[in-house]
Amino acid sequence: MAEEAETTGIDNSNDKELATNVENLSLAGQKVEKQEAKKIDIVLHATGSAPILKQKKWSVDQEKPISAIVKFIHKYLKLEPEERLFLYINQTFAPSPDQIIKNLYECYGTNGKLILHYAKTQAWG
């Protein structure tokens, strides 16, 4: 092993320290992942002829796409599969289904909440 170290120019005496540093880095990465798994509060408001939800405020995983919210509302309201549901932000535009809730919250969240309006017919935008 000493001959190998001499020929490659690598000092193997710090292997334990390096392994400890890598382990600490991994643990720090896990802590960051746990912090990022926070929930975002969303408030859902009915628009037009859409049924009103009994509970308007929900905590949602910030990494979910907005399409998950549409599916949830559709299921919660027990809508027929052929019934459409439109979701709007700031009563102006419909986000694309693949938009991540965290990104929308960072851009359009107010007072610690993301306010979404839902409708059964196209309302805005």
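Analyst: Strands β1 (residues 39-46) and β2 (residues 57-61) run antiparallel and are joined by five bridges. Here helices (H or I, at least four residues) and strands (E, at least two) are DSSP runs, numbered from the N terminus, and two strands pair if DSSP finds at least two bridges between them. This is a predicted model, in which local features need pLDDT of at least 70, side-chain atom pairs count only at pLDDT 80 or more, and totals for chains, interfaces and linings use all residues. Residues are numbered from 1 along each chain as its sequence is written, and side-chain values use heavy atoms, with hydrogens and water left out.

Strand β4 (residues 113-119) runs parallel to β1, and six bridges join the two. Leu 44 has its bridge partner in β4 as well, namely Leu 116.

Taken together, four strands form an open sheet with mixed pairing, in the order β2-β1-β4-β3. Its edge strands, β2 and β3 (86-89), each pair on one side only. Neighbouring strands of this sheet are turned by 40 degrees against each other on average, direction ignored; axes are lines fitted to C-alpha atoms, for helices over the stretch in contact, and angles run from 0 to 180 degrees between N-to-C directions.

Helix α3 (residues 66-76) packs on the sheet, touching β1, β2, β3 and β4, where contact means heavy atoms within 4.5 Å. The direction of α3 makes about 130 degrees with that of β3. Helix α4 (residues 101-108) lies across β1, β2, β3 and β4 and runs at about 110 degrees to β4.
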